Amino acid sequence: MSKSIFIRNASQLVTLQGSSNAPLVKEAMSELGIIENGSIWLEDGVIQAVGLDEELALMYKDRLGDAEIIDASGKLVTPGLVDPHTHLVFGGSREQEFNMRLQGATYMEIMNTGGGIHSTTRQTKAATHEELFQESYERLNQFLLHGVTTVEAKSGYGMDWDTEVKQLEVARQLNEKHVVDVVRTFMGAHAVPKEYKENPDEFVRVLIEEMIPKVAEMGLAEFNDVFCEKGVFTPEQSRQILEAGKRYGLTPKIHADEIEPYEGAELAAEVGAISADHLLKASEKGMKAMAEKGVVGVLLPGTAYFLMAESANGRKMIDLGVPVALSTDCNPGSSPTVSLPFIMNLGCLKMRMTPAEVITAATINAAHAINRGREIGSLEVGKKADVTIFKVENYMKLQYSYGVNHTHTVVKNGQVVVRGGHLVEELSFSKN
Ligand SMILES: N=CN[C@@H](CCC(=O)O)C(=O)O
Ligand SMILES: [Zn+2]
């Protein structure tokens, strides 16, 4: 059993209390439940007490000598950040396409001529399980160093059965071996493989009748995602794929309205998706439908930035009542980054979200986007002891002072895994 941890005297301790049952919307996205001079007691991997330092010091006065004390004075303490949309497991890199885009080629042109997602698919097929594991493990270390303690990870760089399974098995093994929690999503519907170019409906049939049932039977994923985009999967094909997943217990997610308006947000609401992601071109009608159904809008301003596109209208979505979350979209084509804090800065500057809203979007609302709102995303008694300490005095400064990694300490499952901005070396990274 690991030692109890007593984090003391934070200049601001962001609790987000009372948000475990449903994502926060509208003004509630700004209610961070801040405790000044706040402290938190962690034991057995669980949060035991949260409150003013003087209260907790009294409560645990007989046990102070046994605990590891972490002095958080002058620092910001938040729930461990949650990244609800990544393509974590992939082979290779695509810097040549980055260069091509800088010279005028578009993301879809590159994809339609066999590059883009197809290029990463080839590189992922060619990589061994072990290579994918090692590269993704290193990526998870980088996430952790940026204060992130849970990530969602999608397949979709295989599109044939063996490679999809390889990606999902790697993600499963990462969840077991790495201290960061990895939540899995099947995304066989990421692109239409070239062998099905003339008959995409046949690929949709393979997904629905062959792959989705096996993914569910083998317990490979919790969620089922589709790239609903002009030239990729139509809204009708997307609906069929997402409904098929539902029949097998896979919760729908959708890449919606990223490049062109395609009524993806509307579809997300119709099929009862847990989240609709991207939404750069979402219609007002679609946003309203999402708000009504409580579909989390997972916004990825790092992707818009990297594709030199206009960001989603996060401000409008929040004002309309959409529960908004933020994510890196970490992937080799449209967002090769693990820095959720940088994405939070873009949330403010590119989508006019307030610093308080982006904190909510990268913690509790992100947790709800992956159905983990009851376990993580806020600092409340009984929740997982996932805590990040930043070297800034207040939450606004985290967004204001950008391009710097302010992460100082990360506690994951009640274990200190980052100390003074460095991974703890002796860490076994195993989960009990
Ligand atoms: N848009 C579709 N999928 C990914 C990008 C994948 C890639 O380009 O490799 C995304 O979410 O941005
Ligand atoms: Zn994506």
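Reply: A residue is called buried if 20 or more other C-beta atoms lie within 10 Å of its own. Please keep in mind that we are looking at a predicted model. His-190 has 25 C-beta neighbours inside 10 Å and therefore counts as buried. It sits in the loop between strand E10 (181-189) and helix H7 (200-217).

Me: Which residues does His-190 touch, if those up to four places away in sequence are not counted?

Reply: With those left out, His-190 touches Ile-117, Gly-156, Met-159 and Phe-227. His-190 is also one of the positions that UniProt, in an unreviewed entry, lists under "binding site", together with Arg-94, Tyr-157, Glu-258 and Ser-334. An annotation of this kind may be inferred rather than shown by experiment.

Me: Where does Glu-258 from that list lie, and is Glu-258 buried or exposed?

Reply: Glu-258 lies in the loop between strand E12 (251-256) and helix H9, and because 28 C-beta neighbours are found inside 10 Å, Glu-258 counts as buried. Apart from residues up to four places away in sequence, Glu-258 touches Glu-229, His-278 and Leu-280.

Me: Which other residues does the UniProt annotation "binding site" cover, and how are they placed in space?

Reply: The annotation, again from an unreviewed entry, covers His-85, His-87, His-255 and Asp-329. Although these residues are spread over 245 residues of sequence, they cluster in space, with a largest C-alpha distance of 12.2 Å.

Me: What surrounds His-85?

Reply: His-85 is placed in the loop between strand E8 (81-83) and helix H2 (95-102), and His-85 counts as buried because it has 30 C-beta neighbours inside 10 Å. Not counting residues up to four places away in sequence, His-85 touches Glu-152, Asp-277, Val-298, Leu-300, Ser-327 and Asp-329.

Me: And which residues are in contact with Asp-329?

Reply: Leaving aside neighbours within four places in sequence, Asp-329 is in contact with His-85, Thr-86, Leu-300, Gly-302, Thr-303, Ser-334 and Ser-335. Asp-329 belongs to the loop between strand E15 (324-326) and helix H13 (340-351), and since 29 other C-beta atoms lie within 10 Å, Asp-329 is buried.

Me: How should I read the backbone angle phi, and which residues stand out here?

Reply: The general idea is that most residues other than glycine have a negative phi. Leu-279 has a positive phi of about 65 degrees although it is not a glycine, and Leu-279 is placed in the loop between strand E13 (275-278) and helix H10 (284-293). Asn-413 likewise has a positive phi, near 50 degrees, and lies in the loop between strand E17 (407-412) and strand E18 (415-419). Leu-279 is buried, because 30 other C-beta atoms lie within 10 Å, and Asn-413, with 20 C-beta neighbours inside 10 Å, also counts as buried.

Me: How do helix H8 and helix H9 lie to each other?

Reply: For a pair of helices, one asks how their axes approach and at what angle they cross. The axes of H8 (residues 235-247) and H9 (residues 264-271) come within 11 Å and cross at roughly 25 degrees. Because angles under 35 degrees count as roughly parallel, H8 is roughly parallel to H9. The crossing is right-handed, and the contact is made by Pro-235, Ser-238, Arg-239, Leu-242 and Glu-243 of H8 with Gly-264, Leu-267 and Val-271 of H9. Sorted by class, this contact has four nonpolar, two polar and two charged residues.

Key: Residues are numbered from 1 along each chain as its sequence is written. Chains are lettered from A and ligands numbered from 1 in the order in which they are written. This is a predicted model: local features need pLDDT of at least 70, side-chain atom pairs count only at pLDDT 80 or more; totals for chains, interfaces and linings use all residues. Axes are lines fitted to C-alpha atoms, for helices over the stretch in contact, and angles run from 0 to 180 degrees between N-to-C directions. Helices (H or I, at least four residues) and strands (E, at least two) are DSSP runs, numbered from the N terminus. Angles under 35 degrees count as roughly parallel, over 145 as roughly antiparallel, 65 to 115 as roughly perpendicular and the rest as oblique. A crossing is left-handed if the near helix is turned anticlockwise from the far one by less than a right angle, and right-handed if clockwise. Two residues are in contact if their C-beta atoms, placed from the backbone, lie within 7 Å. Ala, Val, Leu, Ile, Met, Phe, Trp, Tyr, Cys and Pro count as nonpolar, Asp, Glu, Lys and Arg as charged, and the others, Gly among them, as polar. A residue is buried if 20 or more other C-beta atoms lie within 10 Å of its own, exposed if 12 or fewer, and partly exposed in between; C-beta atoms are placed from the backbone.
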